[in-house]
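Biologist: I am new to this structure and would like to learn how to read it. Could you walk me through some features, beginning with the ligand?

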Amino acid sequence: MMLSNFPNRRGRRLRQNSGIRYLIRETRLSKSDLICPIFVREGENIIEKIPSMPGVYRYSLDTLVPYVEKLISYGILAVALFPLTPSKKKSSTCEEAWNPENLVNIATRQLKKNFPDLIVMLDVALDPYNSDGHDGLLLGGKVINDSTLLALEKQALVQAGAGADILGPSDMMDGRIKTIRIALEENGFKDTLIMSYAAKFASAFYGPFREAVGAQDLLKGDKKTYQIDPSNMEEAIREVEEDINEGADMVMVKPGMPYLDIISEVKRKFNFPTFAYQVSGEYAMLRGAIESNWLDKNKTIIESLTCFKRAGCDGILTYFAPDAALILDDSGR
Ligand code: PBG
């Protein structure tokens with residue numbers, strides 16, 4: 001145990017004014033740490049509210065470009081696109097996932113044409129296209145791993161072809177990083193990055209997202225046969241290690257705030273680019289309290305995101321990205 005060394009040591013000397021505090025600050029949050037998730041939908045001239053995510057909207061392709069232009073002007077470098085797929089395009093075989101003309105692929109081409117430096121990330125998983133609501137293909141009520149890999153491979157190649165910079169496999173099938181990496185190499189996509197949703201937990205905090213992509217009512221059962229039990233650390237570490245070995249360039253822990261211990265362990269064990277997803281439920285919770293004036297908006301947003309950096313994150317996917325970018329100044333204060 002460390003004994004008090006008072007008055008040689010007075011912790012408050014280092015906290016006495018903001019200049020001293022900035023000087024000894026260990027963690028800095030900056031705009032370049034943020035990846036902004038965006039929901040896209042069909043139609044024209046639409047900016048549609050998502051009831052459980054106040055302040056987050058679904059954009060049609062024509063309103064997406066001006067929105068992203070605004071984000072870039074705020075200093076945001078990266079976005080992640082998620083589609084609301086009309087139910088007539090969903091099926092149990094999920095073909096829409098590898099349609100080169102599906103919403104996210106068109107959106108990606110459009111964004112890369114308008115903003116060549118913007119980093120675009122796409123999710124590799126079947127749930128937005130699956131009439132069963134699952135991330136993988138279902139047979140006899142079970143999610144089938146290896147046939148799902150074939151579908152994910154097709155989806156990934158089409159997304160890389162559309163110009164996505166980062167693919168984010170979020171499905172938690174075994175072997176998906178290896179499958180996708182080999183397919184990318186064999187098809188000439190040697191520079192396409194993979195940010196694996198490596199430690200993705202079977203969490204209740206994804207509820208608002210499932211509403212946003214229209215998967216909520218379709219999902220039969222739960223995702224516990226592929227996403228990790230929230231009780232497990234060792235299993236999460238094994239999953240991360242596997243994904244790194246299979247060819248991931250970056251790994252992600254998801255959800256974020258209740259899982260900072262996992263982030264910290266991952267960063268210390270692997271010294272690898274590590275990201276977290278502050279997911280829809282975390283956003284809903286904080287935004288709800290902010291809107292009720294129970295929490296201070298700016299302070300809460302910056303504190304919650306700074307804690308991800310302190311835990312070991314290199315970057316954060318967060319629905320607060322636009323707010324945070326507006327709050328942060330370039331000096332990282
Ligand atoms: C789908 C996917 C999910 C999220 C990102 N990709 C939901 C899920 O696994 O059910 C969650 C994001 C969020 O809650 O903000 N594979």
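Modeller: Happy to! Keep in mind that this is a predicted model. For a polar contact, look for a pair of N or O atoms within 3.5 Å. Here, an N or O atom in the side chain of K254 is 3.4 Å from a nitrogen atom of the ligand. The side chain of S170 also brings an N or O atom to 2.8 Å from a ligand nitrogen, and a polar side-chain atom of Q227 is 3.0 Å from a ligand oxygen.

Biologist: How much of the ligand's exposed area does the protein bury?

Modeller: The ligand taken alone exposes 400 Å², and the protein buries 100% of that. The ligand sits in the largest cavity.

Biologist: Which residues are closest to the ligand?

Modeller: Of the 17 residues that surround the ligand, the closest are K200, R210, K223, K254 and Y319.

Biologist: K223 is on that list. Which side chain does K223 meet in a salt bridge?

Modeller: In general, you look for a side-chain nitrogen of Lys or Arg within 4 Å of a carboxyl oxygen of Asp or Glu. K223 meets D127 this way, at 3.8 Å from N to O. The two are 96 residues apart: K223 is in the loop between helix 6 and helix 7, and D127 is in the loop between strand 5 and strand 6. Both K223 and D127 are buried. Shared partners also join D127, D135, K200 and K223 into one network of salt bridges.

Biologist: How many salt bridges are found in the whole structure?

Modeller: The search finds 18. One of these salt bridges is between D33 and K309, with the closest N and O atoms 2.9 Å apart. This pair links distant parts of the chain, 276 residues apart: D33 is in the loop between helix 1 and strand 1, while K309 belongs to helix 10.

Biologist: Is D33 buried or exposed?

Modeller: Compare its relative accessible area with the cut-off: under 20% means buried. D33 has 7%, so D33 counts as buried. K309 is buried too, at 17%.

Biologist: And which residue forms a salt bridge with R58?

Modeller: That is E48, and the closest N and O atoms are 2.9 Å apart. Because R58 lies in strand 3 and E48 in strand 2, the pair ties together parts that are 10 residues apart in sequence. R58 counts as buried at 8% relative accessibility, whereas E48 is partly exposed, with a relative accessible area of 24%.

Note on methods
Residues are numbered from 1 along each chain as its sequence is written. This is a predicted model: local features need pLDDT of at least 70, side-chain atom pairs count only at pLDDT 80 or more; totals for chains, interfaces and linings use all residues. Side-chain values use heavy atoms; hydrogens and water are left out. Helices (H or I, at least four residues) and strands (E, at least two) are DSSP runs, numbered from the N terminus. Buried means under 20% relative accessible area, exposed over 50%, partly exposed in between (1.4 Å probe, protein chains only). A residue is near a molecule or strand if one of its heavy atoms lies within 4 Å of it. A polar contact is a pair of N or O atoms within 3.5 Å; within protein, one must be able to donate a hydrogen and the other to accept it, and residues adjacent in sequence count only if both atoms are side-chain atoms. Accessible areas come from the Shrake-Rupley method with a 1.4 Å probe; for residues, only the protein chains shown count as cover. On a 1 Å grid over the protein atoms alone, a cavity is a set of points where a 1.4 Å probe fits but cannot get out, and a pocket is an open set with protein on both sides within 12 Å along at least five of seven lines; lining residues have an atom within 4 Å of a point. A molecule sits in a cavity or pocket if more than half of its atoms lie within 2 Å of its grid points.
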